[in-house]
Amino acid sequence: MAFSPFITKPSSVSEIMLQVLFALIPGILFYVWFYGPAILVSMLLASITALATEALMLKLRNRPIAPFLKDNTALLTAWLLALSIPPLAPWWLVVVGTMFAISIAKHLYGGLGSNPFNPAMVGYAVLIISFPSYMTHWLTPGGLGDITLGFSDQLDYIFHGILPGDIKLDAVTMATPLDTLKTQLHMNGQMKTILDMPIYGHFAGVGSEWVSVGFLLGGLYLFFRRIISWHIPVAFLATLFAVSGLLHLVDPSRYAGPLFHWFSGAAMLGAFFILTDPVTSPTTPRGRMIFACGAGLLTFLIRVYGGFPDGVAFATLLMNISVPLIDAWTQPAVFGRKDRP
């Protein structure tokens, strides 16, 4: 027999953000397994910078510091940004990107709940536009390269820019699978030949495809815990699948298949953790689907025809601009009226 009260207490922002951080762990574990523990250093640097910047901005705005530091939103921004940039990024690159994300993209617009753009993606966009060479040096997955850096070697490069002996950076890094595919196609390579290269695995790049699987598992956890709804992830992935699948059927020698786009780059991270940000996404179910479909289409177009290695960040920011219009367009009519307000 059940007893009252049956009304449950709503989850706090801190509890929800903690669940989202927990859901990122499977992808992080795969990341460490294939690329080494350097990503943990970047995440720690980003976390410390985010909390310090958050406290400073709150102090300057005469706001209480402790409640906002405990809501875990700054930590989530830090983790998402760190997971979006190369694990061997110099320490100052992580610090600059995180400081910009928290101070400008978040607090300049009024702080939590008022920012129109996803702060982590703003930080990423600033870094890849300002320091493109540093943002393209991704570690070679374990087992593919002739040289493997130990943890101490990774630390030396992150903090001092030094590699052991006469090792060159190009010997331990490579372009992303998406960037490699785009470059080879521009050199008139054929899709089948390109995908036979050692850096490609079952669906996408070796290592990166398993990181995407980890984020997929974390996203499903958020869905079953009702932290996120199905509208944005399903609409985003369905649009990306449909567009890439159609062009792959038309010309399989020039366009990769849908699974490649699903498990490459930040598609899964974007579908479940970035686009679902409740502050910068629409409030209505229909609006969320329009928002996610637009992001899926833009992601594909930027990946295939754009000049950046991935399109999730810029697709997110471009669709963030349209959120007020989408909300106004999809707002349901006031109860008792036939027309929308």
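This passage describes the overall build of one protein chain and then turns to several of its residues.

The structure considered here is a predicted model. Its chain contains 16 helices and two strands. The radius of gyration is 21 Å, a value close to the 20 Å that the globule rule gives for 341 residues, and the chain is therefore as compact as a globular protein of that length. When the C-alpha trace is laid along its principal axes, the chain spans about 70 × 50 × 50 Å.

Among the contacts between residues at least 6 apart in sequence, 75% join residues that lie at least 24 apart.

Leaving aside residues up to four places away in sequence, His107 touches Glu54, Met57, Leu58, Arg61 and Ile102. With one of these, Glu54, the contact is also polar, since the side chains of His107 and Glu54 approach each other to 3.0 Å.

Thr284 is the second example, and its place is in the loop between helix 14 (267–274) and helix 15 (285–305). The relative accessible area of Thr284 is 8%, so this residue too is buried, the limit being 20%. The side chain of Thr284 reaches the backbone nitrogen of Gly287 at a distance of 3.0 Å. Beyond the residues up to four places away in sequence, Thr284 touches Asp327, Thr330, Gln331 and Pro332.

A further buried residue is found within a helix. Phe34 belongs to helix 2, which covers residues 25–35, and at 18% relative accessibility Phe34 counts as buried because the value is under 20%. Phe34 and Asp179 are separated by 145 residues in sequence, while their C-alpha atoms lie 19 Å apart in space.

Most residues other than glycine have a negative phi. Asn188, although it is not a glycine, has a positive phi of about 65°. This residue is found in the loop between helix 9 (177–186) and helix 10 (191–195), and with a relative accessible area of 64% Asn188 is classed as exposed, since the value is over 50%.

Arg226 likewise has a positive phi, here of about 60°, without being a glycine. The place of Arg226 is in the loop that lies between helix 11 (208–224) and helix 12 (231–250). At 77% relative accessibility, Arg226 counts as exposed, again because the value is over 50%.

How values were computed. Residues are numbered from 1 along each chain as its sequence is written. This is a predicted model: local features need pLDDT of at least 70, side-chain atom pairs count only at pLDDT 80 or more; totals for chains, interfaces and linings use all residues. Side-chain values use heavy atoms; hydrogens and water are left out. Helices (H or I, at least four residues) and strands (E, at least two) are DSSP runs, numbered from the N terminus. The radius of gyration is taken over C-alpha atoms; the globule rule is 2.2 Å times the number of residues to the power 0.38. Contact means heavy atoms within 4.5 Å. A polar contact is a pair of N or O atoms within 3.5 Å; within protein, one must be able to donate a hydrogen and the other to accept it, and residues adjacent in sequence count only if both atoms are side-chain atoms. Buried means under 20% relative accessible area, exposed over 50%, partly exposed in between (1.4 Å probe, protein chains only).
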